[in-house]
Amino acid sequence: MNNLRQPESGFSWFYKRFLNNHITILLLNIFLFLLVLNEIVQNAGLLDPLWKFIGIAMPAVVVAGILFYVLDPFVHFMERRWHMRQGVAIATAMILTAAIIVLIFLNLIPFLARQTAGAIGALPQFANDMLRNINHLNQEHHWLSTKNLTDINERVTTYFSKRGLNLLTGTLSSLGNVVTTVSDWIITIITAPLVLFFMLKDGSRFPKFVSQVVPTAYRDRFIVMLDQMNVKVSSYVRGQLTVALCVMIIFTTGYSIIGLRYALLIGLLAGPLNLIPYFGSAIALVPALIIGVVTSPSMLLGVVIVYLIEWVLETQVLSPLIMGNSLAMHPITIVFVLLAAGKMFGLVGVIFGVPGFAVLKVLATTGFTWYQEFSSLYPDVLPPDEFEP
């Protein structure tokens, strides 16, 4: 009689079918996470000290992180090939890096400053040259009436004159923020080498150190996840810097060959802009096109040819050879990531949005894989020891 099945109560049925359900628990967890996130946003003022600390420390950490991915292979090379001790190899790499940076600043920055000042001062001349070319073309083809042509002449002259004046006055008016800017740079210059030294020294031990706070059962998976994040970010940083350097050399050489004015300035500008995937080279093309238009049709044609050569070399040779498919992202995904990150975080989001998304992708993939293995919703992906006979 005791084995007879008792009728289920309404609560028991509700518990088994609804409360004791993996999907319901997952949705409740998501709801609680969003609720906590909403409370944090509503009380964002309580986090102001944290944001200030992050704002002070983040530039040094970012600079040190980029240099870490650049110098770490060199440090390991010196340890293996030249049998240097770790501390000596790190000190050698940092001293050489500092010497290179100082030489660049001492020799290149004054020249670029003169080039920039010359380009700003030449804006009215660019306007006159552009108007002269427009007038010449209009005399041959009669595209515009005399009234429209006069209006264009006045607008172009006024725009470039004000633009050059605004750039100069804006530079002078920004001198009031020099103290704050210099102090931030000093903090970064002092802090970044210290952070970099300990990254190079203890970077390999960082995953095991952080994993001590993770439950033992998930520790190995957590270390693997950190290794995957490190591989993604390191491949992206090293690849992007190498491609940007090559693009800078190609543009500078090409523009110098065709005799474009301010070729070195535009070429050096193209390198950092190329850190923006897909759009960087196109943005760097704009000033070259403007100078080509105001110079001559043949110069404009030369600028376009140099850009096409660079585009073919970058997309067909450099990026596949250096970058490969390390991020495993579809180009459309990268475009949407750039748009979203740029909208939310500006230029910083555009530059760091893609590696940040790669890290989040590894985190989400690892979390979903764990959920597949330890929930009963995906029995085909359970670990071998999880199957019941």
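**Reading the model, feature by feature**

Analyst: Start with a loop residue. Tyrosine 262 sits in the loop that joins α9 to α10 (263-273). Helices (H or I, at least four residues) and strands (E, at least two) are DSSP runs, numbered from the N terminus. The model is predicted, so local features need pLDDT of at least 70 and side-chain atom pairs need 80 or more, while totals for chains, interfaces and linings use all residues. Numbering starts from 1 along each chain as its sequence is written, and side-chain values use heavy atoms, without hydrogens and water.

User: How many helices and strands does the chain have?

Analyst: There are 13 helices and zero strands. Along the sequence, the pattern is α-α-α-α-α-α-α-α-α-α-α-α-α.

User: Is tyrosine 262 buried or exposed?

Analyst: Here relative accessible area decides: buried is under 20%, exposed is over 50%, and partly exposed is in between (1.4 Å probe, protein chains only). Tyrosine 262 counts as buried because its relative accessibility is 19%. Histidine 83 is exposed, because its relative accessible area is 68%. Over the chain, buried residues make up 28% of the 389 residues.

User: Which residues touch the most other members of the largest nonpolar core?

Analyst: Nonpolar side chains tend to be buried together in soluble globular proteins. A nonpolar core is a set of buried Ala, Val, Leu, Ile, Met, Phe, Trp, Tyr and Cys residues joined through side-chain atoms within 4.5 Å. The largest core has 19 residues, and Phe251, Tyr255, Leu260, Ile266, Ala288 and Val303 touch the most other members. At least two residues of this core come from each of α9, α10, α11 (280-295) and α12 (297-323). Another core lies apart from it, with 14 residues, among them Tyr69, Leu196, Leu200 and Val233.

User: What is alanine 288 in contact with, beyond its neighbours within four places in sequence?

Analyst: Contact means heavy atoms within 4.5 Å. With those neighbours left aside, alanine 288 is in contact with Tyr255, Leu260, Ile266 and Val303.

User: Which elements do the buried residues of α10 pack against?

Analyst: They pack against α4, α9 and α11. The buried residues of α10 are Ala263, Ile266, Gly267, Leu268, Ala270, Gly271 and Leu273.

User: Where is serine 211 found?

Analyst: Serine 211 is in the loop between α8 (206-210) and α9 (219-258). It is buried, because its relative accessibility is 1%. Leaving aside neighbours within four places in sequence, serine 211 is in contact with Arg219, Phe222 and Ile223.

User: How many salt bridges does a search of the whole structure find?

Analyst: A salt bridge puts a side-chain nitrogen of Lys or Arg within 4 Å of a carboxyl oxygen of Asp or Glu. The search finds two. Aspartate 202 meets lysine 201 in a salt bridge (3.5 Å, N to O). Aspartate 202 also meets arginine 205 in a salt bridge (2.3 Å, N to O). Relative accessible area makes aspartate 202 partly exposed at 26%, lysine 201 partly exposed at 29% and arginine 205 partly exposed at 47%.

User: How far is glutamate 314 from the nearest side chain of opposite charge, and which residue is that?

Analyst: Lys and Arg count as positive, Asp and Glu as negative; His and the chain ends are not counted. Glutamate 314 is found in helix α12. Glutamate 314 is buried yet has no salt bridge, and arginine 238, the nearest side chain of opposite charge, is 19 Å away. Beyond neighbours within four places in sequence, glutamate 314 is in contact with Val243, Val247, Asn274, Ser281, Ser319 and Pro320.

User: Which residues form a nonpolar patch on the surface?

Analyst: Patch residues have over 30% relative accessible area and no salt bridge; like charges are joined within 9 Å, nonpolar side chains (Val, Leu, Ile, Met, Phe, Trp, Tyr) within 5 Å. Ile23, Leu26, Leu27, Ile30, Phe33, Leu34, Leu37 and Val41 form the patch, with about 750 Å² of accessible area together. That area comes from the Shrake-Rupley method with a 1.4 Å probe; for residues, only the protein chains shown count as cover. Isoleucine 23 is in helix α2 (residues 22-42). At a relative accessible area of 45%, isoleucine 23 is partly exposed.
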